[in-house]
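User: I'm new to this structure and would like a quick tour. Can you put it up?

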Amino acid sequence: GKFLVGIGGGVKVFGLDVEQPASLLLIPRHAAAGLSPIEAKARTFYNIFHFCSCHERRTPTGARELVVAAVSFDDYTFGGEMGFDAERADFDPIGWSGGGDVSAPALDEFIVDLDSGEMRSRERLPVLCERTDGQPPIAVPFDMPTIHPLLDGREARFCYAAGAARIEGWFPFNSIVKADLLSRPVGAHVWFAPEHSMVSEPLFLPRGSGGGEWRGAEHEDDGFVVTVLHDAQHGRCELIVFDAARFDEGPFAAIDMGELYPWDVHASWLAGVSF
């Protein structure tokens, strides 16, 4: 009733049953191909907001399978997303991520048998991050992943995401991560933002306007990773730019974007467009 009259949040209309296993629903893009949707059921619950990479491959026996990398939550309670309570006008992002109602996001790999429609496996992929400050590797929860835009539907090696490593909570994001999806355990480099700062969803920008054509896996990180840094201490925003192939060296440019403005949750890029 509160939702219908505009005084309550829509997320409180429904909830998630964490006792029931989740599924991956595969919907064909082209109905004329004569394909039917596939619901591949897992054995356990999970909740996904963001996918990383997805590609089809053949097994040694010739079977078709789909490999999906995604960021999963093992439990999730809707309401107060990102720490904002609309009804009380209260904002507590660290309390939201460390309060126990939402688990830290983690990288999972799903393998679906496309011939039988069954999910073969769901595997948690530990991400061990090599820090750019010379400290020992740490596990950093991350979300909002992005890959090379020309690798949509192909096997991707590198993934870029926003991360956070705090004892008191994994959100808001205070680092950018470059992960190697083909290594086991998944190796990664992490860049930490200055204190009292947070970062937005990163974007990978292929070198050259519009990205050009795909030139092979050896050029997968031939481009730039950008994120908006929100510096609360100095009241400024900056566009932070990394050379993707030399990510471990840290950003090579910080472009002033003016006075501090509200946090950017997501990002997009229009090649060759200026305002």
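**Walking through the model**

Analyst: Ala-70 counts as buried, at 0% relative accessibility; buried means under 20% relative accessible area, exposed over 50%, partly exposed in between, with a 1.4 Å probe and protein chains only. This is a predicted model, where local features need pLDDT of at least 70, side-chain atom pairs count only at pLDDT 80 or more, and totals for chains, interfaces and linings use all residues. Residues are numbered from 1 along each chain as its sequence is written, and side-chain values use heavy atoms, with hydrogens and water left out.

User: Which strand does Ala-70 lie in?

Analyst: Ala-70 is part of strand S4. Strands (E, at least two residues) are DSSP runs, numbered from the N terminus.

User: And what does Ala-70 touch?

Analyst: Leaving out residues up to four places away in sequence, its contacts include Ile-48, Cys-52, Leu-107 and Phe-110. Contact means heavy atoms within 4.5 Å.

User: What order do the strands of the open sheet take?

Analyst: The order is S3-S4-S7-S8, with antiparallel pairing. Two strands pair if DSSP finds at least two bridges between them. Strands S3 (47-58) and S8 (119-124) are the edges, each pairing on one side only.

User: How many bridges join S4 to S7?

Analyst: Eight. One of the pairs is Glu-65 with Asp-113 in S7.

User: New topic: how many disulfides are there?

Analyst: Zero, in a search of the whole structure. A disulfide is a pair of cysteine sulfur atoms within 2.5 Å.

Terms used. Helix = DSSP H or I, 4+ residues; strand = E, 2+ residues; numbered from the N terminus.
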